[in-house]
Amino acid sequence: MRLGLSFLTVLFLSCAATKAKVPLQTPVVYTLNATVLQSNKTKLQAKDALLSTAYKKLLKDADKALKEGPFSVMEKKHVPPSGDKHDYMSLAPYHWPDSSKPGGLPYMRKDGQTNPEVKEYKDKEYMPKMCGYIHTLALAYYFSGEEKYAAHASQLLKVWFLNPATRMNSNLNYAQAIKGVNEGRGAGLIDTRHFIKVIDAIGLLNGSKDWKTADQKAMQQWFGQFLNWMHTSKNGLSEMKADNNHGTWYDAQRLAMALFIDSVDLAKKIVHNTTLRLEQQMDNEGKFPKEMERTIALHYNVFDLEAFFLVANMAEKIGFDFWNYTTPNGKSLKKGFDFLHPFLTQQKEWTGQQIKPFPFEEGYPILVAGAAKFNCIDCMDAIKKIEADKAGQDRLYLTH
């Protein structure tokens with residue numbers, strides 16, 4: 001189940017690979033379906049009434065995003081142990097000062113309870129915002145053709161990843177540190193799960209005059225370097241061994257990056273690795289015992305399955321049907337969906353741990369996939385019910 005990659009191999013793959021040419025403005029996406037996107041774009045051009053509500057909301061969100069950023073790791077007031085602000089830095093969210101210890105050190109764990117101190121470390125706040133804005137802007141550009149959205153998405157990308165004065169170094173050596181224990185840890189890789197959205201967003205910018213071939217190559221180089229760090233660093237190798245949602249998200253991230261730098265062979269190995277994770281993590285009922293131990297267990301079961309679903313979407317790009325795959329001991333994505341479905345549609349009340357209210361919007365990716373892949377009849381109706389007066393506004397109607 002352990003999968004590593006040497007620096008020379010990553011360098012060779014990222015430099016030698018050749019991307020197949022695609023028609024202008026065809027989205028090169030991995031967790032999304034390009035055919036569905038193109039179909040919905042055609043429907044919007046034909047003034048499809050069913051999609052118009054979601055489209056208007058998307059443009060409204062994109063117009064707001066035009067006023068945001070740019071963001072940079074250089075804006076934080078705390079300096080990483082390396083002395084280089086280009087290094088990303090964050091604190092472990094569920095660790096707090098121990099009042100019984102001098103200076104509160106070492107910090108103690110309170111699972112599911114976020115220490116407000118983490119907000120002082122702005123990288124953790126800015127990065128997901130930045131990734132979200134880029135994704136929104138790229139979708140708005142793809143569906144509308146308005147260059148202003150692509151221009152701002154391009155600026156956000158260049159400031160965070162590419163400009164020498166502001167770029168993030170391609171590592172997470174100091175992510176999710178626990179004060180008094182370490183300067184950073186493998187678990188910090190969960191922070192960069194938002195990069196998956198960035199990779200899809202870059203594909204949506206295809207054809208924009210503000211996103212050039214040189215920009216594309218520079219981003220491929222950056223993610224190639226980050227992928228190499230994941231496979232060779234202490235923190236990266238530690239996260240590779242994680243036997244819970246962290247391991248699944250580790251695979252989802254590196255799969256998106258492998259596809260982005262056109263390493264199909266590596267992508268196939270990662271997908272195989274994720275099937276082994278499914279066999280290891282899931283029980284015979286379809287739930288994840290490691291996530292059931294958490295104080296917000298429904299959230300973490302959904303969170304883990306969502307990562308598996310993202311891998312399944314990307315696995316389609318290399319011809320592997322993860323959706324209908326069953327492991328040797330009978331585990332499957334369908335079994336995981338069947339377990340969670342009645343809780344997400346509110347047909348059954350969750351009886352496991354959940355110390356704070358569960359936002360049912362978190363279940364949308366599971367329900368959407370259930371409708372598309374497992375013939376779930378009531379999944380979309382459940383989403384409309386949860387949305388209430390906002391029904392039809394979610395961008396999932398445009399992307400699925």
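Author: Let us begin with residue classes: Ala, Val, Leu, Ile, Met, Phe, Trp, Tyr, Cys and Pro count as nonpolar, Asp, Glu, Lys and Arg as charged, and the others, Gly among them, as polar. By this scheme the lining of the largest cavity divides into five nonpolar residues, two polar and one charged.

Reader: Which residues line the largest cavity?

Author: A cavity is a set of points, on a 1 Å grid over the protein atoms alone, where a 1.4 Å probe fits but cannot get out; lining residues have an atom within 4 Å of a point. Grid points are joined across faces, edges and corners, and a volume is the space filled by probe spheres set on the points. The lining here consists of Leu91, Ala92, His95, Tyr107, Asn115, Ala177, Ile178 and Lys179. The volume of this cavity is about 30 Å³, and the count of cavities of 30 Å³ or more is one.

Reader: What is the mean pLDDT of the protein?

Author: The model is predicted: local features need pLDDT of at least 70, and side-chain atom pairs count only at pLDDT 80 or more, while totals for chains, interfaces and linings use all residues. Residues are numbered from 1 along each chain as its sequence is written, and side-chain values use heavy atoms, with hydrogens and water left out. pLDDT is the predictor's confidence in each residue, from 0 to 100. Its mean is 93, and 94% of the residues reach 70 or more. Over residues 1–24 the pLDDT is below 50, and this stretch has 42 contacts in the model beyond near neighbours in sequence; a contact means heavy atoms within 4.5 Å.

Reader: Is glutamine 253 buried or exposed?

Author: Buried means under 20% relative accessible area, exposed over 50%, and partly exposed in between (1.4 Å probe, protein chains only). Glutamine 253 is buried because its relative accessibility is 1%. This residue belongs to helix α9 (residues 245–260); helices (H or I, at least four residues) and strands (E, at least two) are DSSP runs, numbered from the N terminus. Beyond four places in sequence, glutamine 253 is in contact with Leu189, Ile190, Thr192, Arg193, Ile196 and Met230.

Reader: Which side chain joins glutamine 253 in a polar contact?

Author: A polar contact is a pair of N or O atoms within 3.5 Å; within protein, one must be able to donate a hydrogen and the other to accept it, and residues adjacent in sequence count only if both atoms are side-chain atoms. For glutamine 253 the partner is the side chain of threonine 192, at 2.7 Å. Lysine 287, in the loop between α10 (264–281) and α11 (289–292), has side-chain polar contacts with aspartate 283 at 2.8 Å and with glutamate 285 at 2.5 Å. Lysine 287 is buried, since its relative accessible area is 18%.

Reader: Where is threonine 345 placed?

Author: Threonine 345 is in the loop between α13 and α14. A polar atom of its side chain lies 2.9 Å from the backbone oxygen of histidine 341.

Reader: Which peptide bonds are cis, with omega near 0° or near -5°?

Author: The bond from glycine 69 to proline 70 has omega near 0°, and the bond from leucine 105 to proline 106 has omega near -5°. Proline 70 lies in the loop between α3 (49–65) and β1 (89–91).

Notes: On a 1 Å grid over the protein atoms alone, a cavity is a set of points where a 1.4 Å probe fits but cannot get out, and a pocket is an open set with protein on both sides within 12 Å along at least five of seven lines; lining residues have an atom within 4 Å of a point.
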